[in-house]
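Grab the model and work through these exercises with it open. Each one sets a task and then walks through a solution.

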Amino acid sequence: MRPGPSGIAFINKMKTMASPNMQAVESNYITLAQILEHNAPTDGWIIYRNYVYDVTPYLMYHPGGTDCFIPLLGTDITETCQKIHNWVNIEMSIKKLVIGKVAPGNVAVSSEKRNPFGK
Ligand code: HEM
């Protein structure tokens, strides 16, 4: 694992961040087209279990680094996370970054299509 900011450091940082208004989050339906647009490290969204997260502030804290993560921005990382580290509690790790839900009828693009580690 590379030195530098860690997942634990991000848990600490989250303590200083405002909690999302979950009622607003639950009714903020975001289309797949919108999610796919946010695919840059300075503005990166992902889907995890049907919720949309703005992971921009998290990226530099990811213990696996940013190189593998950046190509997957804008996609649904649920399957990839299950394959790579199913022991990691993703929801807890980024809980304050949740911004909405995938709009009904929108089928997310799985990050497995872009996962540099393959199947
Ligand atoms: C917000 C979503 C994610 C969170 C919270 C997260 C969290 C973590 C954590 C806590 C570790 C350390 C696990 C350990 O040491 O046992 C880790 C490692 C790793 N993650 Fe993620 N991860 C996320 C997304 C991803 C994605 C999308 C990829 C896809 C490429 C990925 C690839 C990796 C790899 C390859 C490692 C292993 C690094 C190593 O062994 O040095 N992660 N991640």
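**Exercise 1. Find the protein donors of the iron atom of the ligand, and work out which parts of the chain they come from.**

Step 1: Look for N, O and S atoms within 2.8 Å of the metal (3.2 Å for Na, K and Ca); water is not among the atoms, so sites may look incomplete. On the protein side you get His62 and His85, each through NE2, at 1.9 to 2.0 Å from the iron.

Step 2: His62 sits in the loop between S4 and helix H4 (78-85), while His85 belongs to helix H4, so the pair ties together parts that are 23 residues apart in sequence. The helices (H or I, at least four residues) and strands (E, at least two) used here are DSSP runs, numbered from the N terminus.

Step 3: Check the geometry. The iron has six donor atoms with angles of 88 to 179° among them, and the site is octahedral. For reference, ideal angles for six octahedral donors are 90 or 180 degrees.

Step 4: Ask how accessible the two histidines are. His62 is buried at 9% relative accessibility, and His85 is buried too, at 17%. Buried means under 20% relative accessible area, exposed over 50%, and partly exposed in between (1.4 Å probe, protein chains only).

A word on the ground rules: this is a predicted model, where local features need pLDDT of at least 70 and side-chain atom pairs count only at pLDDT 80 or more, while totals for chains, interfaces and linings use all residues. Residues are numbered from 1 along each chain as its sequence is written, and side-chain values use heavy atoms, with hydrogens and water left out.

**Exercise 2. Trace the strand partners of S5.**

Step 1: Start with S5 itself, residues 98-102. Four of its five residues are buried, so the rest of the structure largely encloses this strand.

Step 2: Find the parallel partner. That is S1 (residues 29-30), paired with S5 over two bridges; strands count as paired if DSSP finds at least two bridges between them. Here Ile30 stands opposite Val102.

Step 3: Now the antiparallel partner. S4 (residues 51-54) is joined to S5 by three bridges, and Val52 has Gly100 as its bridge partner.

**Exercise 3. Follow the hairpins on either side of S3.**

Step 1: S3 covers residues 43-48, and five of its six residues are buried, so it is largely enclosed by the rest of the structure.

Step 2: Go to S2 (residues 39-40), which runs antiparallel to S3 with two bridges between them. Ala40 stands opposite Asp43, and the hairpin linking S2 to S3 passes through two residues.

Step 3: Arg49 has a positive phi of about 45° although it is not a glycine, and Asn50, another non-glycine, has a positive phi near 75°. Arg49 is partly exposed at 43% relative accessible area, and Asn50 is partly exposed at 42%.

**Exercise 4. What does His38 contact beyond its neighbours within four places in sequence?**

Step 1: Locate His38 in the loop between helix H3 (32-37) and S2. It counts as buried, at 17% relative accessibility.

Step 2: List the contacts (heavy atoms within 4.5 Å). Leaving aside those sequence neighbours, His38 touches Asp43, Gly44, Trp45, Leu73 and Gly74.

**Exercise 5. How many disulfides does the structure hold?**

Step 1: Search for pairs of cysteine sulfur atoms within 2.5 Å, the cut-off for a disulfide. The count is zero.

Step 2: Look at Cys68. Its nearest cysteine sulfur is that of Cys81, 9.3 Å away.

Step 3: Check the surroundings of both. Cys68 is buried at 17% relative accessible area, and Cys81 is buried at 9%.

Technical notes. Tetrahedral: all angles 85-135°; square planar, octahedral: opposite > 155°, others 65-115°.
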